[in-house]
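I opened this notebook to log side-chain contacts. My entries follow in the order I looked things up.

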Amino acid sequence: QVQLVESGGGLVQAGGSLRLSCAASGIFSISLMGWYRQAPGKQRELVATITADNSTNYAGSVKGRFTISRDNVKKTVYLQMSSLEPEDTAAYYCKAVGRRYDSIRYINEYWGQGTQVTVSS
């Protein structure tokens with residue numbers, strides 16, 4: 001069974017910081033991990049991604065404020081968010097691309113359930 005368990009969301013004032021974590025289980029050879037977010041009434045959008053060799057990609061709106069990192073041994077991806085703005089308020093979702101132990105021939109993407117981040121002004 002594949003699980004991506006996010007944690008670290010919450011309520012913070014503008015200018016504050018939060019650190020999100022996402023631990024994956026049930027998959028291996030995880031090539032890509034990333035964070036996406038979805039605000040009410042809006043489409044889900046990319047926040048940041050990181051490859052197995054730590055190549056990163058950021059949305060323009062978070063570049064310089066957010067930092068993505070990963071621990072390949074723990075199969076965990078992190079998102080350090082600083083200088084948070086009310087516009088960052090959204091549900092944040094973790095994604096991992098890898099292979100299931102019971103279906104090693106196929107590469108699929110898997111999603112977590114989401115963690116809410118609310119930034120007050």
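How many salt bridges does the count come to? I set the rule as a side-chain nitrogen of Lys or Arg within 4 Å of a carboxyl oxygen of Asp or Glu. The count comes to 6 salt bridges.

I noted the ground rules next. This is a predicted model, where local features need pLDDT of at least 70, side-chain atom pairs count only at pLDDT 80 or more, and totals for chains, interfaces and linings use all residues. Residues are numbered from 1 along each chain as its sequence is written, and side-chain values use heavy atoms, with hydrogens and water left out.

**Entry: salt bridges**

I began with Arg-65 and Glu-85. Their side chains form a salt bridge at 3.9 Å, N to O. Arg-65 is in the loop between strand 6 (56–58) and strand 7 (66–71). Glu-85 is in the loop between strand 8 (76–81) and strand 9, so the bridge ties together parts 20 residues apart in sequence. I took strands (E, at least two residues) and helices (H or I, at least four) as DSSP runs, numbered from the N terminus.

I then looked up burial. My cut-offs were buried for under 20% relative accessible area, exposed for over 50%, and partly exposed in between, with a 1.4 Å probe and protein chains only. Arg-65 counts as buried at 13%. Glu-85 counts as partly exposed at 34%.

Which residues are linked in a network of salt bridges? I found Arg-37, Glu-45, Arg-65, Glu-85 and Asp-88 in it.

Next I checked Glu-109 and Lys-95. They meet in a salt bridge at 3.5 Å, N to O. Glu-109 lies in strand 10 and Lys-95 in strand 9, so this pair ties parts that are 14 residues apart in sequence. Glu-109 is partly exposed at 45% relative accessibility. Lys-95 is buried, at 10%.

I also logged Asp-102 with Arg-100. The closest N and O atoms of this salt bridge are 2.7 Å apart. Asp-102 is exposed, with a relative accessible area of 58%. Arg-100 is partly exposed, at 33%.

**Entry: strands 9 and 10**

In what sense do strand 9 and strand 10 pair? I found the antiparallel sense, over 6 bridges. Strands pair here if DSSP finds at least two bridges between them. A hairpin joins strand 9 to strand 10 through 2 residues. I noted Val-97 opposite Glu-109 in strand 10.

**Entry: aromatic pairs**

I moved on to the rings. A pair of aromatic rings is described by the distance of the centres and the angle of the planes. I counted rings of Phe, Tyr and Trp (its six-membered ring) as paired if their centres lie within 6.5 Å, with planes under 30 degrees apart as stacked, over 60 as edge-to-face and the rest as tilted. The count comes to 2 aromatic pairs.

Why is the pair of Phe-28 and Tyr-101 stacked? Their ring centres are 4.9 Å apart and their planes are at 20°, so the pair is stacked. Phe-28 is in strand 4 (residues 27–38), and Tyr-101 is in the loop between strand 9 (90–100) and strand 10 (103–111). The two are 73 residues apart, linking distant parts of the chain. Phe-28 is partly exposed at 22%.

I then looked up Tyr-36 and Trp-111. This pair is edge-to-face, 5.0 Å centre to centre with 65° between the planes. Tyr-36 lies in strand 4 and Trp-111 in strand 10, so the pair ties together parts 75 residues apart in sequence. Is Tyr-36 buried or exposed? Tyr-36 is buried, at 13%. Trp-111 is partly exposed, at 31%.

**Entry: charges over rings**

My rule was NZ of Lys or CZ of Arg within 6 Å of the ring centre and within 35 degrees of the ring normal. The charged end of Arg-44 sits over the ring of Trp-111, 4.8 Å from its centre. The charged end of Arg-19 sits over the ring of Tyr-78, at 4.2 Å from the ring centre.

**Entry: disulfide**

I found 1 disulfide in the structure, taking cysteine sulfur atoms within 2.5 Å as the cut-off. Cys-22 and Cys-94 form the disulfide, with sulfur atoms 2.1 Å apart. The torsion about the S-S bond is about -80°, so the disulfide is left-handed. Cys-22 is in strand 3 (residues 18–25) and Cys-94 in strand 9, 72 residues apart. Cys-22 is buried at 0% relative accessibility. Cys-94 is buried, with a relative accessible area of 0%.
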